[in-house]
Amino acid sequence: MAVLIWSGTFISLIGVAGLTNCIVKVVKAKKSDLTEDELKTVVKNTLPMNLGSLFLSVLGLMAVVVGILLG
């Protein structure tokens, strides 16, 4: 079960890195002098990556929990 725990941890870390990347993109966009429509476009384009990263984080945490429960 250690393989399941460590692989879940790795997947979760990839998801957290993606979430951090999304946060950085949006913060940079907010700090720059963009119009409201341009800012909405940046947020709209970042949303799929945000959701995918969140899915990876949840999937990895579920693998860790299952590995702990089975171990």
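In which helix does L70 lie? In this predicted model, L70 belongs to helix 2.

## Overall form

The protein consists of two helices, with zero strands. Its radius of gyration is 16 Å, well over the 11 Å that the globule rule gives for 71 residues, so the protein is more spread out than a compact globule. Taken along the principal axes, the box filled by the C-alpha atoms is roughly 55 × 15 × 10 Å.

Of the 71 residues, 18% count as buried. The accessible surface amounts to about 5300 Å², and carbon and sulfur atoms account for 75% of that area. Among contacts between residues at least 6 apart in sequence, 82% join residues at least 24 apart.

## Helix 1 and its buried residues

Helix 1 runs over residues 2-31. Its 30 residues reach 43 Å from the first C-alpha to the last, which is close to the 44 Å expected at 1.5 Å a residue. The buried residues of this helix are G8, S12, G15, G18, C22 and A29, and they pack against helix 2.

S12 illustrates this packing. The residue is placed in helix 1 and has a relative accessible area of 9%; it is counted as buried because this value is under the 20% cut-off. When neighbours within four places in sequence are set aside, S12 is in contact with L56, S57, G60 and L61.

## Helix 2 and the position of L70

Helix 2 covers residues 36-70. L70, which lies in this helix, has a relative accessible area of 58%; the residue counts as exposed because the value is over 50%. The C-alpha atom of L70 is separated by 39 Å from that of K25, a residue 45 positions away along the chain.

## Nonpolar surface patch

Which residues form a nonpolar patch on the surface? The patch is made up of F10, I14, L47, L51, L54, F55, L56, V58, L59 and M62, and together these residues present about 930 Å² of accessible area. Helix 1 and helix 2 each supply at least two residues of the patch. The greatest contribution is that of helix 2, with eight residues.

F10 is one of the patch members and lies in helix 1. Its relative accessibility is 55%, so F10 counts as exposed under the cut-off of over 50%.

How many salt bridges does the count come to? The count comes to one. Side chains of opposite charge can pair when their charged atoms come close. In this model, K40 forms a salt bridge with E36, and the closest N and O atoms are 3.6 Å apart. The pair meets the criterion because that distance falls within 4 Å.

K40 and E36 both lie in helix 2, where a spacing of four residues places them about one turn of the helix apart. Are these two residues buried or exposed? K40 has a relative accessible area of 52% and is exposed. E36, at 58% relative accessibility, also counts as exposed.

Definitions and conventions
Residues are numbered from 1 along each chain as its sequence is written. This is a predicted model: local features need pLDDT of at least 70, side-chain atom pairs count only at pLDDT 80 or more; totals for chains, interfaces and linings use all residues. Side-chain values use heavy atoms; hydrogens and water are left out. Patches are made of residues with over 30% relative accessible area and no salt bridge: like charges are joined within 9 Å, nonpolar side chains (Val, Leu, Ile, Met, Phe, Trp, Tyr) within 5 Å. Accessible areas come from the Shrake-Rupley method with a 1.4 Å probe; for residues, only the protein chains shown count as cover. A salt bridge is a side-chain nitrogen of Lys or Arg within 4 Å of a carboxyl oxygen of Asp or Glu. Buried means under 20% relative accessible area, exposed over 50%, partly exposed in between (1.4 Å probe, protein chains only). Contact means heavy atoms within 4.5 Å. The radius of gyration is taken over C-alpha atoms; the globule rule is 2.2 Å times the number of residues to the power 0.38. The expected span of a helix is 1.5 Å times one less than its number of residues.
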